[in-house]
Structures are given as structure tokens and as C-alpha cells.
Amino acid sequence: MSEATEVSGVTDVMDVTDVRATRLITKLRFPEPFTVEVEESVDGAALQVGERDVLVETHYSLISPGTELALYTGTHIDLPNPANRFAKFPFYPGYATVGEVLEAGAASGFARGDHVFTAAHHANYEVMEATEDLVVRMPEGLQPELALFGRIAEISMTSVLLSRVKPGDYVAVLGMGLVGNLAAQLFAQRGAIPIGIDVVPERLELAKRTGVEHVVLSGDGGAEDIRVDVRRITGGKDADIVVEASGVPELVITALELCRVLGQVILLGSTRGLVTLNVYDLIHRKGVSVTGAHASLKGVDGLPTSGELYREVLGMIQSGALRVEPFITHRLPSTEAKQAYELLLNHKDRACGVILNWRERGE
């Protein structure tokens, strides 16, 4: 029996029952903080494809150094919140993969053999509804590993969409990890002048390699020392917009201190803890606008949907408008996921874009 047959470009799922029942499904799971399990099963029912679904074989997945690491370490702020059903153990991580469609439902809009970007988990196979926010056909010629960063760029784009940015504005970005770096690049696409700020020198060097010309190394001197360096770049004025992209609670205060009068602070990083601040001095008197930029706001009140943004940023990656290749620091077999998370946690000076290869197994 052949694995599948094509009927008008759509997989005939009736011919794949036996094969589906023998597929070994492998996925990552956090049963508790600092623990990664490789969960394996043979479950044909889990791979059943409905008429609007696709079954995708994952080739590569990207680890999020923000949300995923916060869940891995147990520091995600919503873990104790009973109303939040996402941030809970056991947790199945992952939301950026590329792969190939093995089966496609009749109403999915895809066909077997299509190469796709998906917002799926770290797993070798996954069935998902083929909505524009979950599955996007890969642009012709785009290198699969580079497409993975489209998920991070879509998140970073929230800060741009909710900003009042104008050409020539100085935008200081606190945190030059993946999210902050891509935010800086996206603001530059709108004609702004980004300033990358980080405590890790290697991240600033990476920022320069991706086209972020102005960088500031932060140290023990706090916001005042950063302000001196920022004003040296701007010609003596404070930043028009400050994006907090690290999730470090104390840097919310730093962002407010760096922002000019009547400027805008955008909270892009998911803050990992509570913040106590002087609202009168930092917000009220200065007239500073504080804007939350959580990824879940896509599609609300006229904002573009995630699917629309995926297509936009993947096109920007393909054209080179967004430079993401320098992000790739490690490629590991999926079986070495524990090492991948530990690299991101303990070696921020050399680990940035960590990709898992699902077609390669470690020793």
C-alpha cells in the first residue's frame, strides 16, 4: 500500500490508515521546571486528519528564548494564575516550526508535499487546523531555517504596530535578544533610528551584524549612564520611544527614565515579576504613554492578524530586509533538547538562535 495518493492536489486520507498507525510520534514535554522529556508514542488516532486539517512532518523547530525559557525555569509570571490555562505544567513547548505536509484535508487549501511554516509544538509530527494563524505556505526559495525567525518577527512587530513611530525617531530597545533585535530592525524599516541596549557585549556585536548601527553597553551605572550614551547618539535628547524587550521587571523603570517628555514606552517583553515605580515622576509629570504589546493582541481593533504578519515578515526575511541568519548559533538534534535549553539559560553570550533538527538523532 502506498503511503498516500493525490486526488486533485489533495491527499486521499483513506489510503494512509496503516501507515499512520505505525508512525512514532515524538514531542517535547516539561513535566516540571528544569526538566525536559522526550515523549514517544504510536497513536494513529492522534494523527487523524479532518477536512480542514493538515498533518505536517517537522524538519526544524526554533526554541523561544523568552516564553519557553520562562516556562522551562518556572519563572513565567502566570504559572500560579488559575485563570491562565496556557502557562501550566505539564507544558508542551514550541511555536515555530518548518516542515512538509504529509496529508491534507479536502478543505485545508494545502496539498501533500507543500513546505510550510507553522506555529506548532516541538514534535516530529503534528496535526493542526490549517488556519492562516497556524500554517503558512513557505515563500519559494526561502531557506527553511531562516523562516523559523518569522515567528519571533511577528511577535516583535506588535511593538511597531502599537507605536507612534515617525521617520527620524530615536527608538531605544532594552534587550538585544531575538525579540529586541528584530524589533529594532522593524523600527528601522519604518524610518526610525534604533539604539540597541544590552548588558551582554556579544549581543551588541550581533546587533551590529544585523544592521543595528547604534548600540549601548549597559552596566552597573543604571539608567543615568545609559542616558549619557543615548544622548551622545541622539545629539543630546532622550529617546522618543523606548521598547522594553527583555522581560526584566526593573527595566520597566529604566525604560520610563530613558524616555523623553511626551514620549512612549512600549512593553514588548513579558515582564517576569511585579514592578514598583513612582508613577507621578516617571509617567504623570512627563506625560509618557505606556503601551502593552503582547503578541495576543493581533487581529484586535483593526490590527493585522498573525497570519497576515507571518506572510509579511517571511517576505522581508526572503528579501533580506530582515537579517536573521546571524542569529543561528546552534543546531542540535531534537534528542538533545535539554542541552539546547541549558545553552540559552546559561550561555547568553554565545547562544541566541538555537534550532532543533527533527530529522537527525543524537548519539
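Analyst: Let's start with Glu39 and Arg29, whose side chains meet in a salt bridge at 3.5 Å, N to O. By salt bridge I mean a side-chain nitrogen of Lys or Arg within 4 Å of a carboxyl oxygen of Asp or Glu. This pair links distant parts of the chain, with Glu39 in strand 4 (residues 37-41) and Arg29 in strand 3, 10 residues apart. Strands (E, at least two residues) and helices (H or I, at least four) are DSSP runs, numbered from the N terminus.

Quick caveats before going on: this is a predicted model, so to speak of local features pLDDT must be at least 70, side-chain atom pairs count only at pLDDT 80 or more, and totals for chains, interfaces and linings use all residues. Residues are numbered from 1 along each chain as its sequence is written, and side-chain values use heavy atoms, with hydrogens and water left out.

Arg29 counts as buried at 19% relative accessibility, while Glu39 is partly exposed at 24%. The cut-offs are under 20% relative accessible area for buried, over 50% for exposed and partly exposed in between (1.4 Å probe, protein chains only).

Next up is Arg137 with Asp114, where the closest N and O atoms are 3.1 Å apart. Here too the pair links distant parts of the chain: Arg137 sits in strand 9 (residues 135-137), and Asp114 in the loop between strand 6 (97-104) and strand 7 (115-118), 23 residues apart. Asp114 is buried, with a relative accessible area of 17%, whereas Arg137 is partly exposed at 43%.

The structure holds 18 salt bridges, so what I've walked through is a selection; as a general point, side chains of opposite charge can pair when their charged atoms come close.
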